[in-house]
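User: I'd like to learn how to read a structure feature by feature. Could we go through one together?

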Amino acid sequence: MEQTDQLAASLSCLNVELHNMKTEKAEQPKCSLLAEITTDDKMTLFYTGLNSFKLFTGIFKSLKPALRSDTRFAATLEEQFLITLMKLRLNLSRRDIAYRFKITIPTVTSYIEKFINAMFIRLPVALLRKPDREAALKTLPLSFRAQYPNVNYIIDCTELKCETPSNKIDAVSCYSTYKSHHTSKFAIVSTPHGSVAFLSKAFTGRATDVDTIRKSGLLEFIEPGDEFLADRGFINEGDFTSLGAKVHIPSFKGRRDQLTGKETERSRIIANERIHVERVIGNLKKKFMVLRGIVKIKDFCTDYYNNAFISKIFVTCCCLMNAQPTIVPQY
């Protein structure tokens with residue numbers, strides 16, 4: 001009897017000790033990184049791609065009404081947002097993030113998918129839209145004002161490398177001879193001052209630039225009076241002129257031996273101005289390393305509205321970049 005009482009007392013003490021340990025663990029922060037970046041904008045930029053913690057907080061507050069908080073979550077909503085931005089910015093593996101925040105890999109995946117979907121729905125309304133024409137003309141870089149004062153947009157395409165599909169037909173469709181790799185292709189339209197105004201859904205790497213533009217929904221984006229800069233052979237000029245828009249493209253040599261001096265100079269000027277859209281694309285891929293990684297096949301799976309997850313990621317990155325100062329010089 002006495003031995004039973006001693007065992008019961010020991011068990012009671014162990015239960016109390018276990019409860020105390022669980023309480024201490026619950027009160028410990030999962031990761032001190034969030035607390036550290038609140039006072040260090042350089043650290044915020046490194047881990048999230050956003051240039052200040054104030055911007056981090058502002059975007060988080062705009063997303064919060066669409067999110068549900070629960071005390072059972074392994075991380076707070078703010079930590080979940082940080083996890084998502086770290087994935088976009090540094091392209092860390094999910095296992096790496098799980099170790100850093102002391103959570104499981106499936107939990108990391110669910111947090112990233114939740115916040116990508118929330119940003120894809122809420123951010124483009126304010127951050128990925130056609131600028132007011134009058135405001136856009138007032139913010140034209142000086143080089144545009146001298147050469148093409150009425151140009152609203154610059155068109156280009158960009159490709160992201162992806163895994164090789166197991167299906168042979170899909171593999172052929174995704175193979176890009178330009179990149180010598182399997183890729184997904186996107187049509188992108190930037191303004192002269194360096195913000196993204198339009199991004200298409202994902203196309204296969206084999207799709208031509210003309211087909212990508214025609215099927216991207218860009219033609220519905222155009223309004224009469226719009227002016228575009230584009231590369232030669234990139235678009236069908238008739239598609240734009242029929243909608244009341246104007247396109248400036250470099251001159252074609254055709255069967256002639258060479259271009260005239262005037263045509264050469266015009267082509268040079270267009271090429272110099274078109275470089276801005278390439279700066280925008282380069283900055284996107286530099287700022288968000290997830291766009292430089294290999295896209296997984298599962299990220300091409302579409303939701304009910306036919307939006308692939310990789311398209312949501314790209315749109316989100318464009319919105320986050322548009323929320324920050326442009327890299328295009330205003331001269």
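User: Leaving aside neighbours within four places in sequence, which residues is Thr-44 in contact with?

Analyst: Contact means heavy atoms within 4.5 Å. By that test, Thr-44 is in contact with Ile-37, Gly-49, Leu-50, Ser-52 and Phe-53, once its neighbours within four places in sequence are left aside. Before we go on, a word on the source: this is a predicted model, where local features need pLDDT of at least 70 and side-chain atom pairs count only at pLDDT 80 or more, while totals for chains, interfaces and linings use all residues. Residues are numbered from 1 along each chain as its sequence is written, and side-chain values use heavy atoms, with hydrogens and water left out.

User: Where is Thr-44 found, and is it buried or exposed?

Analyst: Helices (H or I, at least four residues) and strands (E, at least two) are DSSP runs, numbered from the N terminus. Thr-44 is found in helix α3, residues 41-48. Buried means under 20% relative accessible area, exposed over 50%, and partly exposed in between, using a 1.4 Å probe and protein chains only. Thr-44 has 0% relative accessibility, so it counts as buried.

User: How many disulfides does a search of the whole structure find?

Analyst: A disulfide is a pair of cysteine sulfur atoms within 2.5 Å, and the search finds 0. Take Cys-162: the closest cysteine sulfur, in Cys-174, is 4.7 Å from its own, too far for a bond. Cys-318 is in no disulfide either, as the nearest cysteine sulfur, that of Cys-319, is 6.9 Å away. Cys-162 is buried at a relative accessible area of 1%, and Cys-318 is buried at 0%.

User: How many residues does the largest nonpolar core have?

Analyst: A nonpolar core is a set of buried Ala, Val, Leu, Ile, Met, Phe, Trp, Tyr and Cys residues joined through side-chain atoms within 4.5 Å. The largest has 61 residues, and those with the most contacts inside it include Phe-81, Met-119 and Leu-320. Helix α16 gives the most to this core, with 10 residues. Apart from it lies another core of 19 residues, among them Cys-157, Phe-228, Ile-235 and Val-247.

User: What does Met-119 touch?

Analyst: Leaving out residues up to four places away in sequence, Met-119 touches Leu-63, Phe-81, Thr-84, Leu-88, Pro-124, Thr-316 and Leu-320. Met-119 is one of the buried residues of α7. What covers the buried residues of α7 includes α4 (53-63), α5 (77-90), α6 (94-101), α8 (124-127) and α16 (309-322).

User: Finally, how many helices and strands does the protein have?

Analyst: There are 16 helices and 7 strands. The radius of gyration is taken over C-alpha atoms, and the globule rule is 2.2 Å times the number of residues to the power 0.38. Here the radius of gyration is 25 Å, well over the 20 Å that the rule gives for 331 residues, so the protein is more spread out than a compact globule. Along its principal axes, the C-alpha trace spans about 110 × 50 × 30 Å.
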